[in-house]
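Reader: I have a chain open in my viewer and would like to go through it with you. Could you take my questions one at a time?

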Amino acid sequence: MKKIHCLNPIAKCGTELFPAGYEMTDNVADADAVLVRSASMHDMELPENLLAVGRAGAGVNNIPLDSCAQKGIVVFNTPGANANGVKELVIAGMLMASRDIVGGIEWCKANAEDDNITKDTEKSKKAFAGCEIKGKKLGVIGLGAIGAEVANAATHLGMEVYGYDPYISINAAWRLSRNVKHITNADIIFQKCDYITIHVPLMDSTRGMINKEKLAIMKDGVVILNFSRDTLVNDDDMAAALDAGKVRYYVSDFPNPKVANMERVILLPHLGASTKESEDNCAVMAVKELTDYLENGNIKNSVNFPSCDMGICQTESRVAVLHMNIPNMIGQITAILAEQGMNISDMTNKSRDKYAYTLLDLEHKAEDSTIRKLRAIKGVLRVRVVK
């Protein structure tokens, strides 16, 4: 019986997909796999028996990726499952900033008791009129699942769209509309665009990427949208740019005390991927990833180990070895199997940065002594008998 623990509420349409032989547990110490959304795992003691973590969402800043990798725990995320929900909110953010919809609503509320509100409306509405987004330049930084959706939608709204992503994949490139101008230098977006939206992961290289140096080269009256991570934007520099009128509006999905007290900020309570549809999609995708790994040893959408797919095992046994990406690892693994008279019918080895993954289909079940010898190899993190 495989046991699954949820650190956050996970949509039932996902958890119901676990096949027979799985059960949900309230005790994380018993879990073979964990499902998580926003709960922080950094201070959590990782159980020795934990095999995998499924993040029902894209961001993984709440998960200690390297600590998991060192214990041979594969961490999955669900890229693209919430893309449409975030895309729709980004478009809504642009419209709210361009037409001052929020200001108009607040004026109506403030004047609700005014018997002359109908006449006064005609006098006051010019203050909230704003401009149209059609024909304006939008810069999209990061062309992954969400960025590509935003870029494509904006072209349909008549915007001139510039996209920047130095690491764009072939699949992502195919998803992009041919009307999106692919830019090789982000500074072009900063200099030319009326609206700028960022869709990149939080890393050392992207932390504070919107700062006073970049703000200085932007157009006066630019609108900046942040639906990725709050620390991609330097709050102090943004406050100064708003005060100076350099930035017309800052639209953020990440409340914090500094941003909440800035003028001309449209601040949302982290709603980007909170639609029922997005939560359902993420739950279904995460459960499918975990099930395929636990049942077959296949890895798809891991953030700390390489992708690997050998389908369903058709032989007597399948063994997975999670290890450091160092020389002679394959030679040591196959030598031990040869010593034990084990014939390999199929094998895949993949690597990703410091870590690697070897999946082996064997014609006979490996003895416990063989598994112990594999585990004893220096640099091996975990050996798992999948079948």
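Predicted model: local features only at pLDDT ≥ 70, side-chain atom pairs only at ≥ 80, totals over all residues.

Reader: How many helices and strands are in the chain?

Author: The chain contains 14 helices and 16 strands. Along the principal axes, its C-alpha atoms fill a box of roughly 90 × 45 × 35 Å.

Reader: And what share of the residues is buried?

Author: Of the 387 residues in the chain, 49% are buried.

Reader: Let us turn to strand β6. Is it largely enclosed or open?

Author: Strand β6, residues 137–141, is largely enclosed by the rest of the structure, because 4 of its 5 residues are buried.

Reader: Which sense does its pairing with β7 have, parallel or antiparallel?

Author: The pairing of β6 with β7 (residues 160–164) is parallel and extends over 5 bridges.

Reader: How many bridges join β6 to β9?

Author: There are 4 bridges between β6 and β9 (residues 195–198), and these strands run parallel.

Reader: Which residues are the bridge partners of G139?

Author: In β7 the partner of G139 is Y162, and in β9 the partner is I196.

Reader: A change of topic: backbone angles. What is the phi of D100?

Author: D100 has a positive phi of about 50°, although D100 is not a glycine. This residue sits in the loop between α3 (83–99) and α4 (101–110).

Reader: Is D100 buried or exposed?

Author: D100 counts as buried, because its relative accessible area is 16% and the cut-off for buried is under 20%.

Reader: What about R264, where does that residue lie?

Author: R264 lies in the loop that runs between α11 (257–260) and β12 (265–267). Its phi is near 55°, again a positive value in a residue other than glycine. With a relative accessible area of 34%, R264 is partly exposed.

Reader: On to the cysteines. How many disulfides does the structure hold?

Author: The structure holds 0 disulfides. For C13, the nearest cysteine sulfur belongs to C282 and is 10 Å away. For C313, the nearest cysteine sulfur is that of C308, 12 Å away.

Reader: Finally, the second largest pocket. How much space lies in it?

Author: About 170 Å³ of space lies in the second largest pocket.

Reader: Which residues line that pocket?

Author: The lining consists of F76, M285, K288, E289, D292, N298, I299, K300, N301, C308 and D309. Helix α12, residues 276–296, gives the most to this lining, with 4 residues.

Reader: How does the lining divide into nonpolar, polar and charged residues?

Author: It divides into 4 nonpolar, 2 polar and 5 charged residues.

How values were computed. Residues numbered from 1 in each chain as written. Heavy atoms only, no water. 1 Å grid on protein atoms, 1.4 Å probe; cavity = no way out; pocket = protein on both sides within 12 Å on 5 of 7 lines; lining within 4 Å. Points joined across faces, edges and corners; volume = space filled by probe spheres on them. Helix = DSSP H or I, 4+ residues; strand = E, 2+ residues; numbered from the N terminus. Nonpolar A, V, L, I, M, F, W, Y, C, P; charged D, E, K, R; others polar. Disulfide = S-S within 2.5 Å. Buried < 20%, exposed > 50% of the residue type's maximum accessible area, 1.4 Å probe, protein only. Pairing = 2+ DSSP bridges.
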